[in-house]
Structure formats: C-alpha cells, structure tokens
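Here is a short briefing for a first look. Keep the sequence and the structure open while you read.

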Amino acid sequence: MILGRVVGQAVSTHKRPQFTGAKLLLVQPETPDGVAVGATLLAVDSVGAGVSERVLVVIEGRAAGEALGRKGAPVDAAIVGIVDAVDVVE
Amino acid sequence: MQIGRVVGDVVASRKDPTLDGIPLLIVQPLSADGQPVGRLLVAVDSVGAGVGQDVFFVRGKEASFPFHPAQPAADAGIVGILDHWTVGE
C-alpha cells in the first residue's frame, strides 16, 4: 500500500458496470513525511474519504477488487483507509 | 487507475489472436491539472472511447477483465470515459 492525499474527484457516466456507484478520487501519492511523489492516480473509495484527507491506497488489482467488493472489476487502485497519523522513527 | 486523453489509435493486422476485434487506442496520461505526464501508451478499449476524450484506464491483468471470458494479451485498458474532474474542494 502507499500513502497519498486526496486532491480531487472525477465523474464518469460511461464506464464499466462494476464502477457503478463507486466514488472515483484523484490521489497524489506522498512519501511518509508528506512530500508529493509520482503521478496522480485515480482510485475507487471504499472508506468515505474526502478531498485533502490523507489516505492509504492499495495499488494492485486483486486487493482493489476486494475493496470495491465486486467480482471481476477492472480496477487497480482503491482507498482502503484514512490516515490519522504517520510516525517514521528511523 | 490513471486519467488520460485518447490521442490516437493503432491498427495492427497481424497480432496475437486474443486481440482480434478489440480497439487499441493511444493514451496520453494526464496529471490532475490536465497536463500530459509520462509516456504515451496503447490500451485496449471496452467502453467505446474516441480520440479527444478524457478517460480512465487500468494497468495490469485487470485490463483484460472487461473481455471475460476472453483474456486478451493486454496490460492497459480504458474502463471509463470521464465527464469531468475537479481538483480541490
């Protein structure tokens, strides 16, 4: 999983049926200390995250499909947690 | 997934038979502010996207899922057409 921040939301009417009703959020991946890194990704939201929240994201198909709860969904990224705090000791 | 813009298509007469009849579109990945980011890629299309449209696409074996039970040899697939997106609240 990776850490990221929700930066926006996308709207799609015409999409694969497995996405029906799913919220599509734009997520900027971040390092644990909050520095943006890499390209923005689009993830389905399974926890009710909102813009500017820090989130935990799976970027692998099977896990994302589980989070979406739909079999055979063509999905590779899902928000699976809202981050309260990150503590990097070393 | 990532967001991107369809900028072209690919015609390949001789190809893996699992790709027969499946549209191959060229996609430019976009950043949240709509700027091109990264390399162009070729994606299979299962939603009827066309040149100029903004889409979202999936990478990996999930790209083939919309064609179930067929399993096209693809590692990127367009799975939705975007109406619009917003950045910020």
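Is Ser52(A) buried or exposed? Ser52(A) is exposed, because 11 other C-beta atoms lie within 10 Å of its own, and a count of 12 or fewer is called exposed. This is a predicted model. Its scores are ipTM 0.91 and pTM 0.94. For chain B the mean pLDDT is 97, and 100% of the residues in chain B reach 70 or more.

**Chain A: overall build**

- Chain A holds 1 helix and 6 strands.
- Along the sequence, these elements follow the order β-β-β-β-β-α-β.
- Along the principal axes, the C-alpha atoms of chain A fill a box of roughly 45 × 25 × 20 Å.
- Of the 90 residues in chain A, 40% are buried.
- Take the contacts in chain A with a separation of 6 or more: 53% of them link residues 24 or more positions apart.

**Chain A: strand S6 and its partners**

- Strand S6 of chain A covers residues 78-82.
- S4(A) and S6(A) run parallel and are joined by 2 bridges.
- S5(A) also pairs with S6(A), in the antiparallel sense, over 4 bridges.
- Ala78(A) takes part in both pairings: it is the bridge partner of Val44(A) and of Val58(A).
- Beyond residues up to four places away in sequence, Ala78(A) touches Ala43(A), Val44(A), Ser46(A), Val57(A), Val58(A), Ala64(A), Ala67(A) and Leu68(A).

**Chain B: overall build**

- Chain B has 0 helices and 6 strands.
- Its pattern along the sequence is therefore written β-β-β-β-β-β, and chain B is as compact as a globular protein of its length, because its radius of gyration of 13 Å is close to the 12 Å that the globule rule gives for 89 residues.
- The C-alpha atoms of chain B fill a box of roughly 45 × 25 × 20 Å along the principal axes.
- Buried residues make up 38% of the 89 residues of chain B.
- Among contacts in chain B with a separation of 6 or more, 54% join residues 24 or more positions apart.

**Chain B: a look at Gln28(B)**

- Gln28(B) sits in strand S2 of chain B, residues 24-29.
- Gln28(B) is partly exposed, because 17 other C-beta atoms lie within 10 Å, and that label covers counts between 12 and 20.
- Setting aside neighbours within four places in sequence, Gln28(B) is in contact with Gly4(B), Arg5(B), Val7(B), Pro36(B) and Leu40(B).
- The C-alpha atoms of Gln28(B) and Ala74(B) are 17 Å apart. Along the chain, 46 residues separate the two.

**Where the chains meet**

- Chain A brings 25 residues to the contact, and chain B brings 32 residues.
- On the side of chain A that touches chain B, the elements giving two or more residues are strand S1 (2-11), strand S2 (14-15), strand S3 (23-30) and strand S4 (41-45).
- S1(A) gives the most to that side, with 5 residues.
- By class, that side of chain A has 13 nonpolar, 9 polar and 3 charged residues.
- Gln9(A) stands opposite Thr86(B) of S6(B).

**The nonpolar core**

- The largest nonpolar core has 46 residues.
- The members that touch the most other members are Val27(A), Leu42(A), Ala43(A), Ala77(A), Ala78(A), Phe56(B) and Phe57(B).

- Most residues other than glycine have a negative phi, and most peptide bonds are trans.
- Ser52(A) is not a glycine, yet it has a positive phi of about 85°.
- Ser52(A) lies in the loop between S4 and strand S5 (54-58) of chain A.
- The peptide bond from His68(B) to Pro69(B) is cis, with omega near 5°.
- Pro69(B) is in the loop between strand S4 (54-59) and strand S5 (76-81) of chain B.

Note on methods: Residues numbered from 1 in each chain as written. Chains lettered and ligands numbered in written order. Predicted model: local features only at pLDDT ≥ 70, side-chain atom pairs only at ≥ 80, totals over all residues. pLDDT = per-residue confidence, 0-100. Contact = placed C-beta atoms within 7 Å. Nonpolar A, V, L, I, M, F, W, Y, C, P; charged D, E, K, R; others polar. Pairing = 2+ DSSP bridges. Core = buried A, V, L, I, M, F, W, Y, C linked by C-beta atoms within 7 Å. Rg over C-alpha atoms; globule rule 2.2 N^0.38 Å.
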